[in-house]
Amino acid sequence: MTGLTIGDDGAMYFTIGGRHTQGALFRVTYEGTESTAPADLHEVAGDESRTLRHKLEAFHGHEDAAAVDTAWPHLASEDRFIRYAARIAIESQPINSWKARALAETNPTAALTILLSVARLGGTEAQGDLFKALAKVPLPPLRVYKGGAKVPLVSVESQDQHLERIRVIEVAISRMGKPAAEVAAPIIAMISPMYPAPSVALNRELCQTLLALDAPDTITRTLKLLAAAPTQEEQLNYVVALRTITNGWTPEMRRQYFAWWAQKRTTSQHPETTLKWFTDAGRDFSDGASFSNFLVKIRRTAMANVPPEELAALQPVLDSWIEPAPKLKKPKKDRTFVKNWQMSDLIGDLDKLSKGRNFAQGQDAVNGTLCLMCHRIGDEGGSVGPDLTAVASRYSPQVILEALIEPSKVISEQYANTDITLKNGNFLTGRIVGDTDDKIILRPSMLAPDTKEISKADIKTKETSKLSPMMPGLLNTLTKEEILDLLAYFQAAGKPEGAAFKK
């Protein structure tokens, strides 16, 4: 976290720091001969567009008789920010003053812009007219650039307009409700022949829209795309979209869908740009602490939409994937109490972390203290607590050590438990995983799935716990050298090529 300001003395002041990290205030002055007068950062080239946008924004949020006629010509602007400003100016006026004009608009860009407003504000009664108007909007064909690319590319111009049309349909369904079959028919006839499309972006939106409209053969086409998708990210588009669909399945389709979970996933199944983000950050790719839980929840939702008699027949394919649990390695040696370590015992040795550390001993210390029961390092471990893969890039060794020795000294609100005292005197503590108008669902232990429902009428007090879910004394079975190796292991993100482990 940083803050920047210019003082009355002309100096620049900025702060650094963040949650539980060392903060500092810096004062920067200049003593050279160059002018220190404020630079003119005004971009003259954009004056005309900015002036127009500000003029349109003046109509936002209130009625003005001049707004519709003033804004309408700019619905077809090549500048999307001006189109947006024009649309909001019109939306701020009574819909009866512009709806008929919107439904009759023939310019493709202007029509797609203002028909989105009809989808947002028109109400269910306007859905049929909206879809008819949308079907009349002439769009360029999806032109594919053929060449040596692994994935066909669609021209930006044609793809963007098709995506905008699908966006209008999606908003209409979301705001106006699922259309009747006769209302949906022309829309299905218009966009269904495009699916599958030659781009991931179009397929993602077409998939969701056609499934929502119950378009024939959409599940079959989506499963083919799922089988052919080269990246995990694209596959998840289809897996997530199919999870709530209840009609149109055959037993073989169900088997194909649920078999996806058992497929082996590799790093190569990610876009090069995604992998580069991790490389640039100096770490290996990992799915993240929550990814396994997402897979579990997606699968459970999909299973809940399968009739019981069909679910039984799917059991063999369902059994081919076991819901993930923390991968724990057995420590190489049995551990007994060594010492009740305090910060004062170790703070003076933190300068020994830069070299001469033992990777195998640090890794065994991680396993011996059961860190991976709750935390994730790379693709190993649990997801109860924060991911520790890059913990050393955010916190100093001293802060990490303090969190291990005194876990309750500073508790992140993201992982804090809640203490609840009932009116009958009983006391409960745990993580709140559900909260409705009349009850709270408490999970006493994040290492167990059991939950407890508590009526709000029975609660006397409820407050954030001052005790960390992480137990104290986790390091008390380690020697000083093992603790230092453990810290070095964190600094190296769990990789043996870390600088501290080189001889």
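Hi everyone. Helices here are DSSP runs of H or I with at least four residues, strands are DSSP runs of E with at least two, and both are numbered from the N terminus. This is a predicted model, where local features need pLDDT of at least 70, side-chain atom pairs count only at pLDDT 80 or more, and totals for chains, interfaces and linings use all residues. Residues are numbered from 1 along each chain as its sequence is written, and side-chain values use heavy atoms, leaving out hydrogens and water.

Let's start with the backbone. Most residues other than glycine have a negative phi, and most peptide bonds are trans. Ala493, in the segment after helix H21 (480-491), has a positive phi of about 55° although it is not a glycine. Leu370 also has a positive phi, about 60°, and sits in the loop between helix H18 (359-368) and strand E6 (376-377).

Now a cis bond: Tyr195 to Pro196, with omega near 5°. You'll find Pro196 in the loop between helix H8 (181-191) and helix H9 (200-212).

Finally, the sheet. Two strands pair if DSSP finds at least two bridges between them. Five strands form an open, antiparallel sheet in the order E11-E10-E9-E8-E12. Strands E11 (452-455) and E12 (459-464) are at the edges with a single partner strand each, so one side of each has no neighbour in the sheet. Inside it, E9 (residues 427-435) and E10 (residues 439-443) pair in the antiparallel sense over four bridges, and Arg431 stands opposite Arg443 in E10.
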